[in-house]
Amino acid sequence: MHPLYKAVATLMYEVANDLLVPRFRHLSENEIAEKEPGDYVTVVDKESEKRITEQLAKFLPEAYIVGEEATAADTSLLKNLKKGLAWTVDPLDGTGNYAAGKTPYAMMIALLGDGVPQAGWILDPVSGRMCHASRGDGAFVDGERVTTRSTGQDIPVVALSARVTEDNLHPDFDKHHPLSHGITLAPSPLCAGEQYPRIVLGQNDAAVFWRSWPWDHAPGSLFLEEAGGKLARFDGSAYQTSDCSHGMLGANSPAMWDHVAESLLR
């Protein structure tokens with residue numbers, strides 16, 4: 001695992017146990033706001049990001065830090081992701097779920113080198129499950145190395161983001177009859193920090209994502225790929241953390257990616 005695995009994991013557990021878990025289902029209305037329709041932020045997001053950012057700066061003083069909430073206030077922060085070391089921080093992924101008193105929600109951190117994910121951490125604060133990946137060294141769940149596995153279903157199970165419209169899919173695809181296209185649709189958990197583990201651990205075979213902010217996908221993309229899966233844009237081009245355009249497909253193997261893309265996207 002990455003040399004900073006323990007330090008970052010310890011920080012995440014501490015912040016989750018101090019801030020996320022105790023405030024879950026205990027937020028007042030004035031502690032929840034919408035940055036834009038359907039995109040929520042809470043006081044917990046802001047407090048958690050502040051604490052995480054302060055500590056990451058101590059781990060690697062030379063690294064740039066791009067947090068979701070800081071970037072919401074200043075989008076120019078994204079411009080420096082391609083240069084040198086940088087952290088991405090999603091202090092509370094699945095904020096809409098969290099604000100509604102529902103699970104899943106997650107905390108995610110990634111370390112980038114010249115824009116390329118070098119290490120990633122995904123914490124499920126409810127179960128305590130920690131997913132981690134280190135470039136070239138593999139993917140791990142709670143310290144145990146993992147590789148992707150299938151759902152075992154004859155027809156692949158694909159999670160589809162509610163934000164993906166039929167205009168973005170194959171012109172012949174019919175959401176009401178996905179079996180005729182060789183796939184079964186599953187609901188999105190509305191939390192990338194949960195969706196990536198679902199692909200790796202065999203709950204879904206693939207997932208279609210719409211938004212692609214780096215804090216949502218840098219940790220999960222590395223975790224999926226180090227476990228043997230594939231993440232790419234709808235046109236098959238490689239995911240780049242600096243590209244925030246819409247639309248990506250993740251799958252438990254390159255072969256599964258091709259199968260689902262043929263059914264959904266082409």
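**Entry 1: contacts and basis.** I began with the contacts, where contact means heavy atoms within 4.5 Å, and found that 63% of those in the protein between residues at least 6 apart in sequence join residues at least 24 apart. I note that this is a predicted model, in which local features need pLDDT of at least 70 and side-chain atom pairs count only at pLDDT 80 or more, while totals for chains, interfaces and linings use all residues. Residues are numbered from 1 along each chain as its sequence is written, and side-chain values use heavy atoms, with hydrogens and water left out.

**Entry 2: overall make-up.** I looked up the secondary structure and found seven helices and 14 strands, these being DSSP runs numbered from the N terminus (helices H or I, at least four residues; strands E, at least two). The radius of gyration is 18 Å, close to the 18 Å that the globule rule gives for 266 residues, so the protein is as compact as a globular protein of that length; the radius is taken over C-alpha atoms, and the rule is 2.2 Å times the number of residues to the power 0.38. The C-alpha trace spans about 50 × 45 × 35 Å along its principal axes. I also noted that 54% of the 266 residues are buried, which here stands for under 20% relative accessible area (1.4 Å probe, protein chains only).

**Entry 3: domains.** I recorded domain 1 as 4-146 and domain 2 as 157-265, with bounds that come from an automatic or database domain assignment. Their C-alpha centres lie 21 Å apart, and 43 residues from domain 1 and 26 residues from domain 2 take part in the contact.

**Entry 4: the sheet.** I traced an open sheet of seven strands with mixed pairing, in the order β3-β4-β5-β6-β7-β8-β9; two strands pair if DSSP finds at least two bridges between them. At the edges stand β3 (64-67) and β9 (144-146), each pairing on one side only, and the twist averages 20° from one strand to the next. Within this sheet, β5 (residues 106-113) and β6 (residues 116-123) pair in the antiparallel sense over seven bridges, and Leu112 stands opposite Pro117 in β6.

**Entry 5: helices on the sheet.** I then followed helix α1 (residues 5-23), which packs on the sheet and touches β4 (85-93), β5, β6 and β7 (130-134), its direction making about 40° with that of β6. Axes are lines fitted to C-alpha atoms, for helices over the stretch in contact, and angles run from 0 to 180 degrees between N-to-C directions. Helix α6 (residues 214-226) runs at about 95° to β6 and lies across β3, β4, β5, β6, β7, β8 (138-141) and β9.

Definitions and conventions. Buried < 20%, exposed > 50% of the residue type's maximum accessible area, 1.4 Å probe, protein only.
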